[in-house]
Amino acid sequence: MDESTGGAGSTAGNRATLTATSTPASAADAAVEPAQWRHGCRVDEMAEGAAMFKAAGRRIVVITIDGRLFAFDDFCPHSGGPMHRGELEGCVLTCPLHGWRFDLERQGEELHGLRPLPMYPARIADGNLEVFL
Ligand code: FES
């Protein structure tokens with residue numbers, strides 16, 4: 001699969017499993033830059049309303065739920081679990097490694113008060129999916 005477009009899985013219905021594959025971002029990609037809108041992919045490259053790509057040294061997953069875009073880190077804040085393989089129920093995404101659960105509607109808040117999943121504003125502009133980070 002082309003990693004720039006992801007295919008992070010289907011979000012149809014209330015429950016879905018995210019299925020895209022991933023490779024870790026390198027430490028060299030982690031250079032700090034000022035936040036700005038960054039290109040992710042072309043909208044017509046999104047698979048089933050989802051995408052995964054690297055931006056500003058981070059691997060970002062974007063999914064669509066009820067027509068709304070949600071962009072978040074692919075790496076779980078607990079121990080780096082691959083969030084693109086998480087299970088989605090409504091707007092709650094569960095990490096596949098140890099089950100931390102993140103509410104995407106509440107800025108990635110972990111349901112038990114643990115560390116939140118970093119999330120980012122996302123938009124579509126001129127046929128491009130962009131994230132602000
Ligand atoms: S790595 Fe996600 S819950 Fe442990």
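The following legends describe close-up views of a predicted model.

Residues are numbered from 1 along each chain as its sequence is written. In this predicted model, local features need pLDDT of at least 70 and side-chain atom pairs count only at pLDDT 80 or more, whereas totals for chains, interfaces and linings use all residues.

**View 1. The chain as a whole.** The chain contains twelve strands and zero helices. Strands (E, at least two residues) and helices (H or I, at least four residues) are DSSP runs, numbered from the N terminus. Of the 133 residues in the chain, 35% are buried. A residue is termed buried if 20 or more other C-beta atoms lie within 10 Å of its own, exposed if 12 or fewer, and partly exposed in between, with C-beta atoms placed from the backbone. Among contacts between residues at least 6 apart in sequence, 49% join residues at least 24 apart. Two residues are in contact if their C-beta atoms, placed from the backbone, lie within 7 Å.

**View 2. The open sheet of four strands.** The strand order in this sheet is β3-β4-β5-β10, and the pairing is antiparallel. Strands β3 and β10 stand at the edges with a single partner strand each, so one side of each has no neighbour in the sheet. Two strands pair if DSSP finds at least two bridges between them. Strands of a sheet pair through backbone hydrogen bonds, either parallel or antiparallel. Strands β5 and β10 run antiparallel and are joined by two bridges. Phe 72 stands opposite Met 119, a residue of β10.

**View 3. The hairpin of β3 and β4.** Five bridges connect the antiparallel strands β3 and β4, and Met 52 stands opposite Val 61 in β4. Two residues lie between the strands of this hairpin, in which Ala 56 takes a positive phi near 50 degrees. Strand β3 is mostly covered, with four of its five residues buried.

**View 4. The largest nonpolar core.** This core has 31 residues, of which Ile 60, Val 62 and Ala 71 touch the most other members. The elements giving two or more residues to the core are β3 (51-55), β4 (58-65), β5 (68-73), β10 and β12 (128-132). A nonpolar core is a set of buried Ala, Val, Leu, Ile, Met, Phe, Trp, Tyr and Cys residues joined through C-beta atoms within 7 Å. In soluble globular proteins, nonpolar side chains tend to be buried together. With residues up to four places away in sequence not counted, Ala 71 touches Ile 60, Val 62, Met 119, Tyr 120, Ala 122 and Val 131.

**View 5. The surroundings of Tyr 120.** Tyr 120 belongs to strand β10 (residues 119-120). This residue counts as buried because 22 C-beta neighbours lie inside 10 Å. Apart from neighbours within four places in sequence, Tyr 120 is in contact with Ile 60, Ala 71, Val 131, Phe 132 and Leu 133. Although Tyr 120 and Phe 70 are 50 residues apart along the chain, their C-alpha atoms are separated by 7.6 Å.

**View 6. Arg 101 and Glu 87.** Arg 101 is located in strand β8 (residues 101-103), and Glu 87 in strand β6 (residues 87-89). Arg 101 counts as partly exposed because it has 17 C-beta neighbours inside 10 Å. Glu 87 is likewise partly exposed, with 16 C-beta neighbours inside 10 Å. The C-alpha atoms of Glu 87 and Arg 101, which are 14 residues apart along the chain, are separated by 9.3 Å. For Arg 101 and Leu 88, 13 residues apart along the chain, the C-alpha separation is 9.4 Å. Neighbours within four places in sequence aside, the contacts of Arg 101 are Val 92, Thr 94, Glu 110 and Leu 111.

View 7. Most residues other than glycine have a negative phi, and most peptide bonds are trans. Asp 66, which is not a glycine, has a positive phi of about 50 degrees. Asp 66 is placed in the loop between β4 and β5 and is exposed, with 7 other C-beta atoms within 10 Å. Asp 126, also not a glycine, has a positive phi of about 50 degrees. The loop that holds Asp 126 lies between β11 (122-125) and β12. Asp 126 counts as exposed because it has 7 C-beta neighbours inside 10 Å.
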